[in-house]
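Dear colleague,

My notes on its salt bridges follow.

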Amino acid sequence: MSINGQAYIVGAYEHPLRKAPDKSLAQLHAEVALGALADAGLSKDDVDGYFCGGDVPGTGPFSMVDYLNLKVRHADSTNIGGASYILHVNHAAQAIAAGKCDVALVTLAGRPRSEGVPKGGLKRADSPVQPDYAWETPFGMTILNVYAMCAMRHMHEFGTTPEQLAWVKVAASHHAQHNPNAMLRDLVTVDDVLNSTLVADPLHKLDCCIVSDGGGAVIVTRPEIARQLKRPLVKIRGAGEAVKHTAGGAIDLTYSAGRFSGAAAFAEAGLTPADVKYASVYDSFTITVIVQLEDLGFCAKGEGGRFVADGNLIAGVGRLPVNTDGGGLCNNHPFNRGGITKIIEAVRQLRGEAHPAVQVANCDIALAHGTGGMLGTRHGGATLIMERE
Amino acid sequence: MSVLREALDHQPETKAFWSELAEGRFKLRHCRACERAHWYPRAICPHCASPETEWRPASGQGTIYSYSIARTAAQPFAIAYVTLAEGPTMMTNIVGSDFAEIAIGKPVEIAFGHQVEDGITLPVFRLA
Ligand SMILES: [Zn+2]
């Protein structure tokens, strides 16, 4: 069974706050849920499927379904880190196609800034029960230094340079200057990135994403309901997901799970990277974008550094506009999980509702892709391809 | 009890690795069915799924596959992936070396006696 054409994204909402000390986690989830429902022209009582990742309070869907007082006949709390929400849209489309639900709600929210979660050297919330714990954590492994090792290897094998990495951040800042809600709105140059503190060789402080409070939500529904609503039609064309790991010690840091999730999504959609007018690509770090663009097929393996350089990701300037909201590098990265914002900006682009300064002309095909977990150890990849009908 | 000790207590299948290492013997888990070594060590071979795995002495030799210097830590340190002579690549630290000397492709050797919390010895490497 294919999900191509079986479901539509009819609601999308990004919380305007980037710091929310006066709101509870459940409240943030509820606010983005209601925002997405209002955007779709639906009410909470229309929701019969709920999808959430590891950022909800409590166990799986229980507490949020209770808080919102929903009546659901389908729920899915698959957790692949920050990419979960892209996967959830895939699962929601599958559930809709199988008749398991009609209106699916996907939420992400968090308040790490207000809760004082440390930045930079953030350690994973690993459990000592994990079989891999003793072989990684004692060596001081952090999210930052593992991604840094991926960047170091990419530079070694392909000649990627710190300047090329910096261009990813420069493009994000060019987009964020037009986003009034973005956490960082100042334009950044390549030199600014290279002159920022070297935090984990070869990554500088400005190669790293922000950590923000807030969240977002999307609504997925079947074609018959989507056509009754008043919003532009954003059809799901294809999706893919994959898990990459350390393979018994056969480590290769140069590629991500996106190699497999991207290929599956394009095959299901019957499209190629050349068809994509806009891409939301997970930007936990600048290197993440380069590796994923290669894996998704936008350029050959090893060419990512050259592909992103010289403003090629900037809307109106470059060959592939990427993360026109400012991305996780400048705009928003709630709960250290950027997946939902990747879908939301793609929906804005397809609807023609992005900021005029970054709106892609004739944007009929868009892609959202995420990497959740650790690029250099274990992670999930999720790819979603959408079409403006 | 440290979290690392707790982690080791959760993994009876790798208990011997840590006790052997503490006595200056670095061992790898090999599979008798497919004759391959793997990392991290486990009872069931991740390559062929055979339960016929066993500890064998390792050379302690390898080369740096990738690394980074964690410069924001209170005590900056080198984290690395080292590809062992026996095949698998493992996460580790490079100790006792100038950060500027560390590079991908450089040969390294196991450095015994590197104890952390609770007297647990970690498998770390130094430039050879
Ligand atoms: Zn085997």
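Glu387(A) and Lys235(A) are both buried, buried being under 20% relative accessible area, exposed over 50%, and partly exposed in between (1.4 Å probe, protein chains only). The model is predicted, so local features need pLDDT of at least 70 and side-chain atom pairs count only at pLDDT 80 or more, while totals for chains, interfaces and linings use all residues. Residues are numbered from 1 along each chain as its sequence is written, chains are lettered from A and ligands numbered from 1 in the order in which they are written, and side-chain values use heavy atoms, with hydrogens and water left out.

Glu387(A) and Lys235(A) form a salt bridge, their closest N and O atoms lying 4.0 Å apart (a side-chain nitrogen of Lys or Arg within 4 Å of a carboxyl oxygen of Asp or Glu). This pair links distant parts of the chain, 152 residues apart: Glu387(A) belongs to strand E11 (residues 379-388) and Lys235(A) to strand E8 (residues 234-244). Helices (H or I, at least four residues) and strands (E, at least two) are DSSP runs, numbered from the N terminus.

Two further pairs lie within helices. Arg153(A) bridges to Glu157(A) at 2.9 Å; 4 residues separate them in helix H4 (residues 143-158), about one helical turn. Arg153(A) is buried at 14% relative accessibility, whereas Glu157(A) is partly exposed at 36%.

In helix H12 (residues 339-351), Glu345(A) and Arg348(A) are 3 residues apart and form a salt bridge of 2.6 Å, N to O. Glu345(A) is buried at 3%, and Arg348(A) is partly exposed at 22%.

Over all chains, the structure holds 37 salt bridges.

With kind regards
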